[in-house]
Amino acid sequence: MINLIWLLLLVAGIVYAGVQGRIDVVTQSAISGAEGAVALSLKLIGVMCLWLGIMKIAELAGILRFFARLISPLICFLFPSVPKNHPAMGAIIMTLSANMLGMGNAVTPLGIKAMQALQQLNAKKDTASDAMCTLLALCTAGFTLIPATIIAIRSAAGSVNPAEIVGATLTVSFMATVTVIVADRICRIIYHVRIRR
Amino acid sequence: MFTEFCEQLSIWAIPAVLLIVPVVGYFRHVNVYEAFVDGATEGFYTAIRIMPFLVAMMVAVNIFRVSGALDVCVESAKPMLTLLGVPPDVVPLAMMRPLSGTGSLGLATELLNTHGPDSMIGRIASTILGSTDTTFYILTVYFGAVGISKPRYSVCVGLLGDMIGFLGSIYICQQLFK
């Protein structure tokens with residue numbers, strides 16, 4: 001799937017540029033894309049170190065375990081394949097909470113940390129496990145209580161009431177989250193049935 | 001009032017975590033400084049590990065966008081979406097949203113400036129941005145960091161979430177703000 005999408009983006013872009021007689025933009029955009037990716041990862045190093053450092057303290061202090069126990073019924077329902085007291089639980093909870101609080105840059109390191117913890121439980125290291133798919137689905141649905149960035153750009157654009165869309169974003173992201181959870185479950189069942197055959 | 005509360009909460013969230021975690025850690029006999037350094041060491045390698053995945057994805061997305069192929073997709077999808085009651089102005093934003101975070105933020109800012117943040121288009125654009133996430137970026141970075149190359153069905157599930165977010169934003173905004 002991801003191979004096909006990647007190829008499609010590439011082929012469609014290059015062929016279209018060729019047809020339009022603007023093949024030169026392909027080289028430029030390929031190079032600037034690659035440079036942008038490296039610049040982004042370099043920028044991520046700082047945030048990554050900061051949050052993974054804080055996470056380590058939280059882990060050793062037992063804060064992660066505390067949170068994990070606090071809302072474990074819900075998380076256990078969402079991630080049945082993860083053992084109750086596994087560190088992955090705490091990491092998942094931190095990721096989802098950071099997502100909900102709209103903590104922007106802090107979410108990525110936490111999410112990666114959670115993925116690494118889930119990778120320890122994964123039997124096939126190059127294939128995403130069930131729990132990884134669920135976590136990814138929840139993150140891409142992006143359930144956010146306070147969409148801070150949007151409130152900021154609305155207020156910059158001169159809105160009378162920048163936060164009035166919060167009700168709408170809450171409703172919509174709740175809908176999207178429920179949909180992905182259901183879709184994730186259905187896909188998981190189909191996948192396992194197919195594997196067994 | 002509510003705006004102020006949200007702004008305050010988002011300003012305080014990160015400082016609060018930065019304060020509470022080390023303080024709690026200290027009182028629970030963690031060597032906070034050493035633990036921080038220990039955790040931060042991983043940060044460097046993780047950022048480096050996701051680099052090739054990001055390069056692959058951003059090169060493809062960039063070529064697709066700059067060549068104008070994205071615009072063609074937007075144009076060809078417009079008539080069908082207009083039939084469904086989707087305002088044509090927000091279609092580019094919906095297509096950009098799963099591909100590029102900065103790109104969609106730019107498009108949304110532009111929509112807010114041209115149509116006004118309190119117009120229907122402005123509200124829909126804000127809601128789309130606030131209730132969806134950059135699916136391909138998250139997929140690339142999260143799976144890249146642990147070396148997953150077979151994401152199974154998660155691409156479809158993520159894109160389905162984006163679609164619900166997009167159509168839901170339009171529907172809810174039209175119901176809420178008449």
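These legends describe close-up views of a predicted model.

Residues are numbered from 1 along each chain as its sequence is written, while chains are lettered from A and ligands numbered from 1 in the order in which they are written. Because the model is predicted, local features need pLDDT of at least 70 and side-chain atom pairs count only at pLDDT 80 or more, whereas totals for chains, interfaces and linings use all residues.

**View 1. The fold of chain A.** Chain A has nine helices and zero strands, where helices (H or I, at least four residues) and strands (E, at least two) are DSSP runs numbered from the N terminus. Its C-alpha atoms fill a box of roughly 60 × 60 × 35 Å along the principal axes. Of the 197 residues in chain A, 49% are buried; a residue is buried if 20 or more other C-beta atoms, placed from the backbone, lie within 10 Å of its own, exposed if 12 or fewer, and partly exposed in between.

**View 2. The side of chain A that touches chain B.** Here 93 residues of chain A are in contact with 89 residues of chain B, two residues being in contact if their C-beta atoms, placed from the backbone, lie within 7 Å. The helix α2(A) gives the most to this side of chain A, with 24 residues. By class, this side has 62 nonpolar, 26 polar and five charged residues, with Ala, Val, Leu, Ile, Met, Phe, Trp, Tyr, Cys and Pro counted as nonpolar, Asp, Glu, Lys and Arg as charged, and the others, Gly among them, as polar.

**View 3. The packing of α9(A) with α6(B).** The two helices pack at an angle of about 45°, with their axes 9 Å apart, which means that α9(A) is oblique to α6(B). Angles run from 0 to 180 degrees between N-to-C directions, and axes are lines fitted to C-alpha atoms, for helices over the stretch in contact; under 35 degrees counts as roughly parallel, over 145 as roughly antiparallel, 65 to 115 as roughly perpendicular and the rest as oblique. From α9(A), A:A168, A:T169, A:V172, A:S173 and A:A176 meet B:T127, B:G130 and B:S131 of α6(B).

**View 4. Two loop residues of chain B with positive phi.** Although not a glycine, B:H29 has a positive phi of about 60°; this residue lies in the loop between α1 (2-27) and α2 (32-66) of chain B and is exposed, with 9 other C-beta atoms within 10 Å. B:R152, also not a glycine, has a positive phi of about 55°, and is buried, with 20 other C-beta atoms within 10 Å.
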